[in-house]
Amino acid sequence: MSKLSLNIDYFKEINSFEKAYWLGFICADGCIHKNGGKLTITVKDKEICEKFKESINSEHKISDRQIFDKRTNKNYFEYSIQITNALFVSNLVNLGITYNKSKELNFPNIEEQYYPYFIAGLFDGDGSISFKSNGKVACNLISTKEVLNFIQEYLQKMFNITPKTLFQVSKHCNNVFKVYWQNDYDCLTLLNFIYKGNKNLYLFRKYERYEQYKQNKS
């Protein structure tokens with residue numbers, strides 16, 4: 001067992017907004033290694049690794065490396081935190097997150113009050129907000145068909161948001177899809193739902209775009 005500080009039982013039960021958020025974020029940007037004893041989170045925003053460390057009472061190191069992006073012809077830093085603890089990771093596996101999550105991932109069995117926080121974590125990891133040249137906004141989210149269908153059915157039931165077509169992200173990942181929301185009602189309703197009560201646990205640059213969008217609509 002590692003001598004580093006860690007709340008091993010953190011994910012044993014999803015009973016707080018914070019745990020639901022991190023569960024969603026790990027579903028998006030976390031990697032459970034095949035042996036089942038290691039979790040790695042790799043992101044472009046160091047703040048997320050720092051917040052995660054604080055939440056799980058971790059002393060684990062945040063590492064970084066410089067990456068060259070051929071699409072933008074620019075360098076950027078990538079940050080990662082790795083937790084090697086079989087008991088810690090087994091609680092995530094029990095919640096349905098495995099090394100094969102890009103092929104098999106369902107919306108977790110959590111209380112409905114935590115849905116917005118889980119979706120916020122998922123969105124911060126694999127969602128985006130963009131502004132078009134005509135002033136319109138668009139939001140999208142990537143996950144498995146099962147997770148996206150569950151979210152869309154819930155949004156339809158709660159807010160009358162019509163389910164949208166799912167688009168396969170890659171021919172190499174048969175069950176990874178993207179959904180787009182491309183009108184003001186759908187986008188603002190979704191963002192209000194996931195961010196309004198989020199208690200300062202969010203990815204700052206995306207939350208800032210949400211705030212900018214709200215101000216433009218007010």
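**Briefing: a helix pair and a pocket**

Helices α1 and α4 pack at an angle of about 35°, and their axes lie 6 Å apart. Seen as a crossing, α1 passes α4 in a right-handed way. This is a predicted model. Its largest pocket has a volume of about 740 Å³.

**The contact of α1 with α4**

- From α1, the contact uses Phe17, Ala20, Tyr21, Leu23, Gly24, Phe25, Cys27, Ala28 and Asp29.
- From α4, the contact uses Tyr117, Phe118, Ala120, Gly121, Leu122, Asp124, Gly125 and Asp126.
- These contact residues divide into 11 nonpolar, three polar and three charged.

**The largest pocket**

- The lining of the largest pocket is made of 31 residues.
- Asp29, Gly125, Asp126, Gly127 and Ile142 lie nearest the pocket's centre.
- Asp29, Gly125 and Asp126 also take part in the contact of α1 with α4.
- Helices α1 (17–29), α4 (115–126) and α7 (204–217) each supply at least two lining residues.
- Strands β2 (38–43), β5 (127–131), β6 (137–144) and β8 (173–181) each supply at least two as well.
- By type, the lining has 10 nonpolar, nine polar and 12 charged residues.

**Confidence in the model**

- The chain has a mean pLDDT of 91, and 98% of its residues reach 70 or more.
- Confidence is highest in helix α5 (residues 145–159), at 97.
- Confidence is lowest in α7, at a mean of 84.
- Where pLDDT is low, predicted coordinates should not be read in detail.

Key: Residues are numbered from 1 along each chain as its sequence is written. This is a predicted model: local features need pLDDT of at least 70, side-chain atom pairs count only at pLDDT 80 or more; totals for chains, interfaces and linings use all residues. Side-chain values use heavy atoms; hydrogens and water are left out. On a 1 Å grid over the protein atoms alone, a cavity is a set of points where a 1.4 Å probe fits but cannot get out, and a pocket is an open set with protein on both sides within 12 Å along at least five of seven lines; lining residues have an atom within 4 Å of a point. Grid points are joined across faces, edges and corners, and a volume is the space filled by probe spheres set on the points. Helices (H or I, at least four residues) and strands (E, at least two) are DSSP runs, numbered from the N terminus. Ala, Val, Leu, Ile, Met, Phe, Trp, Tyr, Cys and Pro count as nonpolar, Asp, Glu, Lys and Arg as charged, and the others, Gly among them, as polar. Axes are lines fitted to C-alpha atoms, for helices over the stretch in contact, and angles run from 0 to 180 degrees between N-to-C directions. A crossing is left-handed if the near helix is turned anticlockwise from the far one by less than a right angle, and right-handed if clockwise. Contact means heavy atoms within 4.5 Å. pLDDT is the predictor's confidence in each residue, from 0 to 100.
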